[in-house]
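Please read it with the structure open.

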Amino acid sequence: MKKQLRIFPFIIICPSFILISLFSCDTKQASAQTSDKENQEKIIKKYLNNCAKNYSYTFEMNKWQECLDKGLKEDSTIAYLWQQKAMPLFKARKYEAGMVFLDKAVKYDEKKWLAYRGFIKCIFAKTYKSAIADFEKIKSIEGNSFVMDHTYNFHIALSYLQLNEFEKAEKIFAKDIEEQVTQWGEDGYHHLDLFYYGISLYEQQKWEKAIIQFNKSLEKYPKFTEPMIYKAFAMSHIDKYSEEEIKSIAIEAKENKNLGNTINEDNAVYEMYPYQIRIH
């Protein structure tokens with residue numbers, strides 16, 4: 001009987017002690033994480049905002065990089081500083097050098113930087129199979145979200161287009177546009193979605209279907225050079241269109257190109273986009 005009295009209080013007290021200890025550990029861990037984040041923000045402010053950004057990464061890249069290196073010397077796990085080291089190298093078309101740093105950013109914050117790396121591989125480095133792998137992985141984490149104003153599936157389809165897998169690209173573009181229409185209506189998708197969807201059809205010699213998509217793209221961006229030119233070439237394969245009609249569209253397209261009405265993505269100042277046309 002005495003043994004039972006001695007054991008009984010222990011059974012009641014012990015779980016309480018464990019719960020208090022666990023709560024204390026969670027609180028300390030959360031506090032430590034907050035402290036780490038605050039320290040990293042201070043390092044970013046000191047070495048990126050107040051140091052690197054005093055220089056032009058185009059003309060003074062060595063100074064830009066030196067500032068970021070000092071920050072990473074204090075904390076080498078700051079993903080944003082690694083990405084900022086990579087970014088000007090991509091804009092200078094030094095893809096392999098930049099990817100070394102971007103891989104570090106993904107290592108330390110995969111969820112934030114994996115889609116961005118996929119975008120860089122698709123538009124800048126042009127390593128399309130690797131781009132698809134990155135986008136498929138981030139989709140498995142958060143679904144078909146957006147990077148640089150376009151869906152992950154848009155970049156996957158564009159990569160397949162560049163790999164000459166036109167039928168696969170067509171199916172992904174069609175599904176992606178359909179999903180955007182369901183979610184946001186006809187204003188939900190981008191004129192580039194329609195242009196590249198049209199290209200996937202054009203490459204399969206589906207001339208009439210391609211023209212439909214080029215026309216839809218032109219409804220959103222009426223002076224868009226590229227769908228005009230590809231539309232003219234598609235029309236040349238169909239007997240019902242006259243030579244005068246085709247020539248008229250081609251002339252208008254050239255005029256629009258000379259006025260700068262081409263692919264107007266922010267990063268088009270650094271890279272030619274797939275199927276973008278140079279007219280001299």
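1. Leaving aside its neighbours within four places in sequence, which residues is alanine 52 in contact with? They are Tyr47, Trp64, Cys67 and Leu68. Contact here means heavy atoms within 4.5 Å.

2. A word on the basis. This is a predicted model, in which local features need pLDDT of at least 70 and side-chain atom pairs count only at pLDDT 80 or more, while totals for chains, interfaces and linings use all residues. Residues are numbered from 1 along each chain as its sequence is written, and side-chain values use heavy atoms, with hydrogens and water left out.

3. Stay with alanine 52. Its place is in the loop between α1 (2-49) and α2 (61-74). Alanine 52 is buried, with a relative accessible area of 0%. (Buried means under 20% relative accessible area, exposed over 50%, partly exposed in between, with a 1.4 Å probe and protein chains only.) One of its contacts, cysteine 67, is 15 residues away in sequence. In space, the two are 5.2 Å apart, C-alpha to C-alpha.

4. Now the whole chain. The protein chain has twelve helices and two strands. (Helices are DSSP runs of H or I with at least four residues, strands are runs of E with at least two, and both are numbered from the N terminus.) Along the sequence, the pattern reads α-α-α-α-α-α-β-β-α-α-α-α-α-α.

5. Burial and surface come next. Of the 280 residues in the protein chain, 44% count as buried. The accessible surface comes to about 16300 Å², and 54% of it belongs to carbon and sulfur atoms. (Areas come from the Shrake-Rupley method with a 1.4 Å probe; for residues, only the protein chains shown count as cover.) Among contacts in the protein chain with a separation of 6 or more, 54% join residues 24 or more positions apart.

6. Look at α5 (residues 110-125) and α6 (residues 128-142). They pack at an angle of about 150°, with their axes 8 Å apart. (Axes are lines fitted to C-alpha atoms, for helices over the stretch in contact, and angles run from 0 to 180 degrees between N-to-C directions.) The two helices are therefore roughly antiparallel. (Angles over 145 degrees count as roughly antiparallel, under 35 as roughly parallel, 65 to 115 as roughly perpendicular and the rest as oblique.) The residues that meet include Leu114 and Phe119 in α5, and Phe135 and Ile138 in α6. By class, this contact has nine nonpolar, two polar and seven charged residues. (Ala, Val, Leu, Ile, Met, Phe, Trp, Tyr, Cys and Pro count as nonpolar; Asp, Glu, Lys and Arg as charged; the others, Gly among them, as polar.)

7. Next, α7 (residues 152-162) and α9 (residues 191-202). Their packing angle is about 30°, and their axes are 11 Å apart. That makes α7 roughly parallel to α9. From α7, the contact is made by Phe154, Leu158 and Leu161. From α9 come Leu192, Asp193, Tyr196, Ile199 and Ser200. The contact has six nonpolar, one polar and one charged residues.

8. Last, α11 (residues 225-235) and α12 (residues 243-258). Their axes come within 9 Å and cross at roughly 160°. α11 and α12 are therefore roughly antiparallel to each other. Residues in the contact include Met228 and Ile229 in α11, and Ile246 and Ile249 in α12. Eight nonpolar, two polar and five charged residues make up the contact of α11 with α12.
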